[in-house]
Amino acid sequence: AFVGQQVLVQGNVLAGAVPPHVDITTIVATPETFEIPGNPTIGSTLRFNATYTRGSLVVFFAGLAPGFQPVGSAGVFFLDPASAQRAIAGVIPTIGVLQMSINLPNDPALIGLTVRAQAAIRTAGVLILSNPDCKDIQ
């Protein structure tokens with residue numbers, strides 16, 4: 001019923017399950033707040049887009065390893081917290097979409113790696129974690 005849609009899942013994390021399992025209590029379609037547009041290639045840029053309320057502070061995080069770290073009412077951090085890096089930060093402009101990019105080194109060893117990213121958004125004193133996204137470096 002939700003194939004191809006961005007969803008908000010709420011539930012309870014089952015203790016001790018590896019990988020983590022969630023006993024789902026609700027699931028609803030929700031707008032996407034974060035994306036890595038395009039196809040990143042070595043020697044070019046890795047782009048990040050966040051769509052949210054203007055004036056919201058956004059911090060983009062990126063890494064190569066997945067994770068699953070619940071952060072209370074903010075949501076779930078889907079990157080490995082031990083290896084994720086703060087990539088770049090900015091403020092959502094009037095148009096409601098923040099577009100930022102970072103340079104990717106021209107290193108052939110990066111080809112085929114999957115970069116994972118997510119945004120932390122602070123608005124009106126409330127922290128939320130965006131949906132995650134990932135792309136293979138070409």
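The legends below describe close-up views of one predicted model.

**View 1. Confidence along the predicted protein chain.**
The protein chain has an average pLDDT of 93. A score of at least 70 is reached by 100% of the residues. Confidence is lowest in strand 1, residues 7-14, where the mean is 83. Confidence is highest in strand 5, residues 57-63, with a mean of 98.

The strands follow the order 3-4-9, and their pairing is antiparallel. Strand 3 (34-35) and strand 9 (97-103) are the edge strands, each pairing on one side only. Strand 4, residues 45-51, is joined to strand 9 by seven bridges, and these two strands run antiparallel. Ala50 has Leu98 of strand 9 opposite it.

**View 2. A nonpolar patch on the surface.**
Six names make up this patch: Phe2, Val9, Val13, Val22, Ile24 and Ile27. Together these residues have about 440 Å² of accessible area. Strand 1 and strand 2 (21-29) each contribute at least two residues to the patch. Strand 2 gives the largest share, three residues. Phe2 sits in the segment before strand 1. The relative accessibility of Phe2 is 31%, so this residue counts as partly exposed.

**View 3. Ala29 and Gln5.**
Ala29 belongs to strand 2. In sequence, Ala29 and Gln5 are 24 residues apart, while their C-alpha atoms are 6.5 Å apart in space.

**View 4. Phe48 and Phe60, a stacked pair.**
There are five aromatic pairs in the structure. In one of them, the ring centres of Phe48 and Phe60 are 5.1 Å apart. Why does this pair count as stacked? The ring planes of Phe48 and Phe60 are at 15 degrees, and planes under 30 degrees apart count as stacked. The pair links distant parts of the chain, as Phe48 is in strand 4 and Phe60 is in strand 5, 12 residues apart. Both Phe48 and Phe60 are buried. Phe48 and Phe60 also form one aromatic cluster with Phe34.

**View 5. Phe68 and Phe78, an edge-to-face pair.**
This aromatic pair has a distance of 5.9 Å centre to centre, with 70 degrees between the planes of Phe68 and Phe78. The pair is edge-to-face, because its angle is over the cut-off of 60 degrees. Phe68 lies in strand 6 (residues 66-70), and Phe78 lies in strand 7 (residues 76-79). Phe68 and Phe78 are 10 residues apart, and their pair links distant parts of the chain. With a relative accessible area of 25%, Phe68 is partly exposed. Phe78 is also partly exposed, at 31% relative accessibility.

**View 6. Ala124 in a loop.**
Which strands does the loop that holds Ala124 lie between? The loop lies between strand 10 (114-123) and strand 11 (126-129). Ala124 is not a glycine, yet has a positive phi of about 50 degrees. The relative accessible area of Ala124 is 79%, which is over the cut-off of 50%, so Ala124 counts as exposed.

Note on methods: Residues are numbered from 1 along each chain as its sequence is written. This is a predicted model: local features need pLDDT of at least 70, side-chain atom pairs count only at pLDDT 80 or more; totals for chains, interfaces and linings use all residues. Side-chain values use heavy atoms; hydrogens and water are left out. pLDDT is the predictor's confidence in each residue, from 0 to 100. Helices (H or I, at least four residues) and strands (E, at least two) are DSSP runs, numbered from the N terminus. Two strands pair if DSSP finds at least two bridges between them. Patches are made of residues with over 30% relative accessible area and no salt bridge: like charges are joined within 9 Å, nonpolar side chains (Val, Leu, Ile, Met, Phe, Trp, Tyr) within 5 Å. Accessible areas come from the Shrake-Rupley method with a 1.4 Å probe; for residues, only the protein chains shown count as cover. A salt bridge is a side-chain nitrogen of Lys or Arg within 4 Å of a carboxyl oxygen of Asp or Glu. Buried means under 20% relative accessible area, exposed over 50%, partly exposed in between (1.4 Å probe, protein chains only). Rings of Phe, Tyr and Trp (its six-membered ring) pair if their centres lie within 6.5 Å; planes under 30 degrees apart count as stacked, over 60 as edge-to-face and the rest as tilted.
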